[in-house]
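Let us read a protein model together. Have the sequence and the 3D view ready.

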Amino acid sequence: MNKMQRMMRLLRMYDAFKMALLLGMLAAVLAGICVRYAVRYAHSLAQQTEYVCMFTGSQSTALEKTGMMQEITAYSPQCTKLLETDSGSVEVVLLSAQYLSDCFGIEAGGASHTVWMNQAALSLVSRNDTRAAQMTCRLDGEETELNAALSDSLPDDLPFAVMYGSAAQLRDADRIRVRMNRKERNAEKLLLEAGLSFADTAQIQAAAYEEKLLLVRLRFGLLSVLLSALGSAAFCLLGKQKAAQDRE
């Protein structure tokens with residue numbers, strides 16, 4: 001009798017071996033889920049992260065301090081305008097040409113009449129499915145003509161639209177947008193050193209909660225793998241003992 005036949009015979013005769021097999025399969029499935037969670041967590045730590053910040057004092061001083069932070073790889077004053085069409089509306093973020101190029105690969109070149117959008121934002125204000133279209137819209141209540149371009153490099157989790165902001169437009173901006181090459185656990189402390197603080201604490205707390213929830217799932221999954229593997233080993237040992245007793 002070969003090993004496979006012997007194994008099938010033991011499975012038919014003893015429920016302990018059936019339980020050992022089921023728990024072993026469960027451990028394998030849970031291990032696969034844990035690997036997926038671990039990859040997601042590692043990816044979230046390694047990805048570039050943007051923060052919208054408030055500052056104290058003058059904008060020029062805040063920008064000077066921000067530029068001295070090694071952890072910050074790009075920064076720009078930020079202001080917003082409301083873009084409205086007959087289809088809907090979206091908030092447009094005005095940023096410097098350097099920031100648009102460094103972070104999103106958008107070469108604005110002073111193109112003050114072009115708005116770059118992700119798919120979610122474009123769907124809100126246009127019924128046109130093409131990647132580029134001219135639209136008549138209202139920008140902060142003023143009717144204007146804009147070129148709308150779909151950009152795959154923009155964040156795609158929420159509707160997001162950007163435009164080039166001139167130095168004059170950004171001079172009075174009350175926000176600074178910064179980018180870090182990876183997620184810093186002490187990002188709040190680092191930003192405080194530059195005189196910055198999170199503008200949207202609710203969003204930051206939500207992101208921290210998602211990260212914490214992912215870690216809890218990973219730990220629970222690893223514990224489940226361990227318990228399933230131990231249970232499988234215990235039932236396998238019990239099955240061997242019963243088989244040995246029957247042979248006697």
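This is a predicted model: local features need pLDDT of at least 70, side-chain atom pairs count only at pLDDT 80 or more; totals for chains, interfaces and linings use all residues.

Q: Which residues touch the most other members of the largest nonpolar core?
A: In soluble globular proteins, nonpolar side chains tend to be buried together. A nonpolar core is a set of buried Ala, Val, Leu, Ile, Met, Phe, Trp, Tyr and Cys residues joined through side-chain atoms within 4.5 Å. Buried means under 20% relative accessible area, exposed over 50%, partly exposed in between (1.4 Å probe, protein chains only). Here the largest core has 20 residues, and Leu83, Val92, Val115, Met117, Met135 and Leu146 touch the most other members. A second, separate core of 16 residues includes Ala62, Met69, Ile72 and Leu191.

Q: Which residues is Val92 in contact with, beyond four places in sequence?
A: Contact means heavy atoms within 4.5 Å. The partners of Val92 include Leu83, Val115, Ala161 and Met163.

Q: Is Met25 buried or partly exposed?
A: Met25 is partly exposed, at 48% relative accessible area. Its place is helix 2 (residues 15-46), a DSSP run (H or I, at least four residues; strands are E, at least two), numbered from the N terminus.

Q: Where is Asp140 found?
A: Asp140 sits in the loop between strand 5 (132-139) and strand 6 (142-150). Asp140 is not a glycine, yet has a positive phi of about 55 degrees. Its relative accessible area is 47%, so Asp140 counts as partly exposed.

Key
Residues are numbered from 1 along each chain as its sequence is written. Side-chain values use heavy atoms; hydrogens and water are left out.
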